[in-house]
Amino acid sequence: MERFDRIGRAAAYGAALALVPYLVIKVSWVVGSLLGLLPVGRGFSLGGWLVLNTVTIGMAAAGITLGLALVRPWGMRIPGRLVGFVGWVGAGFLVSILPFVVVSTLMNSGARASGSGGSGSSGGDAAMPGWEAVLLQCSFVGTGIALAVALPAYLRRRWPHALRRPEWAPASREPLWPAVTGAVTGLVWLYWAAGGLLGIAHREERPADWHVLVGVSACWALAASAAVAVLGRRRPIRLPYPLVLALAWLGSGSMFAWSGWRLPATVYVALARPSDVAYPENATLAVALHLTAVLAGAGIMRTLTRDRGRAGVAADDGEPAERVGGRR
């Protein structure tokens, strides 16, 4: 077994293990809220708090299952489309957020060192103990780093040619709309991150962390759009093929996962206009951008997988490529 494969298998176990604290904390919140032992999160009713945390419990359980599927033998028998979709969404959630975590942590550490305090928008509830916040952050970071290693190792085992540059040009021109819409969305986000005010409804609701998060989202959207445009060209690719493929994969997953997560809440704010919730951007415009990002992310992923032979994926989703290849 080669070294990268051994590291990938260890990382898969690490990804599953890193999410356990997150899962335990979320379960304790649900049980504690039902029993009246823990407070409901600020701005939530009891029902909304339970629904939100039940959804995140399911997501954590899916993440743990994904980590184990990337290393256990039964993971090679799961339909390839299912593993690919869950891995794509999981990487979009956790791997793409790592730059934000690093930059935000450095900014807040610098603010505390200078005595000016943090940005005040960590997103946590004031009643959350500090150790819980640290564990939740470590779960996200640990799982994201581990998935960044475990997922490519799994793909290499199951579909050996998936990360290799194809030797022939695409048979037909790929649609341009995913790259164009993704780029437009990314440019709007980049404009807001740089301090632009057009489309901003509440200027006071823009802490430093918001600028960083929007900026990171913009960079991933632009990277995915540029990568899929490069992959669709008939001319040779000068950049390493796995790097371009990874940018398209992570960027499209980030758009689909994070905008898909934010879209329901943003729709609610746009329609109900609650007095205790205010987003910096115009809610209607934010809904349109999140919807566009979801569609662009899905469109880019569809472009990457349109011709499965081009990615080296086996014709039988349920078997590794090296086994199916013998039946040609």
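Leaving aside neighbours within four places in sequence, Thr-56 touches Tyr-22, Lys-26 and Trp-261 (contact means heavy atoms within 4.5 Å). This is a predicted model, where local features need pLDDT of at least 70, side-chain atom pairs count only at pLDDT 80 or more, and totals for chains, interfaces and linings use all residues. Residues are numbered from 1 along each chain as its sequence is written, and side-chain values use heavy atoms, with hydrogens and water left out.

**Around Thr-56**
- Thr-56 sits in helix H3 (residues 46-69); helices are DSSP runs of H or I with at least four residues, numbered from the N terminus.
- Thr-56 counts as buried because its relative accessibility is 5% (buried is under 20% relative accessible area, exposed over 50%, partly exposed in between, with a 1.4 Å probe and protein chains only).

**Nonpolar cores**
- The largest nonpolar core has 58 residues, and Leu-70, Trp-189 and Leu-231 have the most contacts inside it; a core is a set of buried Ala, Val, Leu, Ile, Met, Phe, Trp, Tyr and Cys residues joined through side-chain atoms within 4.5 Å.
- Helix H8 (residues 208-231) supplies the largest share of this core, 11 residues.
- A second, separate core of 9 residues includes Ala-16, Ile-25, Ala-60 and Leu-136.
- Beyond its neighbours within four places in sequence, Leu-70 contacts Ala-12, Leu-147, Ala-150, Leu-151, Tyr-154 and Arg-157.

**Val-27**
- Val-27 belongs to helix H2 (residues 20-34).
- Val-27 counts as partly exposed because its relative accessibility is 36%.

Definitions and conventions:
Helices (H or I, at least four residues) and strands (E, at least two) are DSSP runs, numbered from the N terminus.
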